[in-house]
Amino acid sequence: MVPPLPSTREELQQAVARTTRWARRCAERWSGPGALFGIVQGGVHRPLREESAGRTADLGFDGLAIGGIAELQIEGIEPAELLVFDLA
C-alpha cells in the first residue's frame with residue numbers, strides 16, 4: 001500500500017522499499033503474454049522517486065509507469081518537476 005499525501009519521508013521510503021520488493025517478485029515470476037510495467041513511487045520527494053525509478057528500471061521491466069500523479073496534482077505540485085530522471 002502506498003501512503004496518502006501528505007506522508008513523512010520515512011513512510012514514503014518504506015513504501016518505496018515495499019513496492020520494490022513486490023516489483024522484484026513480479027518480474028521474477030512474469031511469463032507473459034504482453035508487457036509488464038514497473039511502478040515508480042516516492043511521493044513528493046524527488047530523491048525517493050529517483051531511487052524508485054532506478055531500482056525499478058534495474059529489474060528489467062518492459063517499461064515504467066509513474067505512480068501518484070493525481071495525488072501530486074491534488075497537492076498542487078507540478079508532476080513534471082518530480083518525474084524527469086536520468087536512468088543511464
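Tutor: Contact here means heavy atoms within 4.5 Å. The model is a predicted one, and the part I will follow is helix α2, which spans residues 46–58. With its 13 residues, α2 reaches 18 Å from its first C-alpha to its last, close to the 18 Å expected at 1.5 Å a residue.

Its partner in the packing is α1 (9–29); the axes of α1 and α2 come within 10 Å and cross at roughly 5°. Because angles under 35 degrees count as roughly parallel, α1 and α2 are therefore roughly parallel to each other. On the α1 side, the residues in contact are R9, L12, Q13, V16 and T20, and these meet P47, L48, E51, S52 and R55 of α2. Sorted by class, this contact of α1 with α2 has four nonpolar, three polar and three charged residues.

Turning to burial, the residues of α2 that are buried are L48, R49, S52, A53 and T56. They cover an arc of only 135° around the axis, which puts them on the same side of α2. What covers these buried residues includes α1, β1, β2 (63–66) and α3 (69–74).

Two backbone details complete the picture. After α2 comes G60, whose phi is positive, near 80°, while in the loop between α1 and β1 (37–40) one finds P33, joined to G32 by a cis peptide bond with omega of about 0°. As background, most peptide bonds are trans.

Terms used
Residues are numbered from 1 along each chain as its sequence is written. This is a predicted model: local features need pLDDT of at least 70, side-chain atom pairs count only at pLDDT 80 or more; totals for chains, interfaces and linings use all residues. Side-chain values use heavy atoms; hydrogens and water are left out. Helices (H or I, at least four residues) and strands (E, at least two) are DSSP runs, numbered from the N terminus. Axes are lines fitted to C-alpha atoms, for helices over the stretch in contact, and angles run from 0 to 180 degrees between N-to-C directions. Angles under 35 degrees count as roughly parallel, over 145 as roughly antiparallel, 65 to 115 as roughly perpendicular and the rest as oblique. Ala, Val, Leu, Ile, Met, Phe, Trp, Tyr, Cys and Pro count as nonpolar, Asp, Glu, Lys and Arg as charged, and the others, Gly among them, as polar. The expected span of a helix is 1.5 Å times one less than its number of residues. Buried means under 20% relative accessible area, exposed over 50%, partly exposed in between (1.4 Å probe, protein chains only). The arc is that of the directions from the helix axis to the C-beta atoms.
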